[in-house]
Amino acid sequence: MAQVTVTIDGKAYRMACEEGQEDHLSDLAARFDQYVGHLKAQFGEIGDLRLTVMAGIMVMDELSEIDRRLKSLETEVDNLKRGRDTALSDQARSEEALASALAEVTAQIHGITAKLNGRPAAPSN
């Protein structure tokens, strides 16, 4: 287990993390320190515990908003996938109808050609 020292509100905290996660943990601590610094600038010295709780609530509020937006985007993606599937299905039906119509026209053309050439028309499939 790796060790990293992070600084929040000017105080150093030694923390353990998985090997290779030291930079990530340091980045997270620095971001959290920004919340604490923002609150301290806004409210002054109101106590470490209160600052930490308020910063944690701010982080959770942002996480909640991101979660709400993610769910909205997932719903939008699902709707787009359903729309795509419907469009592909409609396209396949249109292509089948077009192929059938072309086969019918081709059979009629062969019949007309045979009549013009004085031969009996070949049976259509």
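Me: Why does D9 count as buried?
Reply: D9 has 16% relative accessibility. The cut-offs are under 20% for buried, over 50% for exposed and partly exposed in between, with a 1.4 Å probe and protein chains only. At 16%, D9 is under 20%, so D9 counts as buried.

Me: What kind of model is this?
Reply: This is a predicted model, in which local features need pLDDT of at least 70 and side-chain atom pairs count only at pLDDT 80 or more, while totals for chains, interfaces and linings use all residues. Residues are numbered from 1 along each chain as its sequence is written, and side-chain values use heavy atoms, with hydrogens and water left out.

Me: Where does D9 lie, and what is its phi?
Reply: D9 lies in the loop between β1 and β2. Its phi is positive, about 55 degrees, although D9 is not a glycine.

Me: How do you know that strands β1 and β2 are joined?
Reply: A strand is a DSSP run of E with at least two residues; a helix is a run of H or I with at least four; both are numbered from the N terminus. Two strands pair if DSSP finds at least two bridges between them. Seven bridges join β1 (residues 2-8) to β2 (residues 11-17). The strands therefore pair. They run antiparallel, and T5 stands opposite R14 in β2. Two residues lie between the strands of this hairpin.

Me: What makes D9 and K40 a salt bridge?
Reply: A salt bridge needs a side-chain nitrogen of Lys or Arg within 4 Å of a carboxyl oxygen of Asp or Glu. For D9 and K40 the N to O distance is 2.9 Å. That is within 4 Å, so the pair qualifies. The pair links distant parts of the chain: D9 in the loop between β1 and β2, and K40 in helix α1 (residues 22-43), 31 residues apart.

Me: Is K40 buried or exposed, or in between?
Reply: K40 has a relative accessible area of 24%.

Me: What makes K11 and D48 a salt bridge?
Reply: Their side chains meet at 3.5 Å, N to O. That is within the cut-off, so this pair qualifies too. K11 lies in strand β2 and D48 in helix α2, so the pair ties together parts that are 37 residues apart in sequence. K11 is partly exposed at 31%. D48 is partly exposed at 38%.

Me: Which residues are linked in a network of salt bridges?
Reply: D9, K11, K40, E45 and D48 are linked in this way. The whole structure holds eight salt bridges.

Me: How do you know that E65 and R68 are separated by about one helical turn?
Reply: They are three residues apart in helix α2, which means about one helical turn. E65 is partly exposed at 35%. R68 is partly exposed at 47%.

Me: What makes L49, V53 and I57 a nonpolar patch?
Reply: Patch residues have over 30% relative accessible area and no salt bridge; like charges are joined within 9 Å, and nonpolar side chains (Val, Leu, Ile, Met, Phe, Trp, Tyr) within 5 Å. V53 lies in helix α2 (residues 48-116). V53 has 43% relative accessibility and counts as partly exposed. That is over 30%, so V53 passes the area test. Together the three residues have about 320 Å² of accessible area (Shrake-Rupley method, 1.4 Å probe, with only the protein chains shown as cover for residues).

Me: Why is the chain called more spread out than a compact globule?
Reply: The elements run β-β-α-α from the N terminus on. The radius of gyration is 35 Å, well over the 14 Å that the globule rule gives for 125 residues, so the chain is more spread out than a compact globule. The radius is taken over C-alpha atoms, and the rule is 2.2 Å times the number of residues to the power 0.38. The C-alpha atoms fill a box of roughly 105 × 35 × 15 Å along the principal axes. Buried residues make up 12% of the 125.

Me: How far apart are K81 and V4 in space?
Reply: They are 44 Å apart, C-alpha to C-alpha, and 77 residues apart in sequence. K81 lies in helix α2. At 42% relative accessibility, K81 counts as partly exposed.
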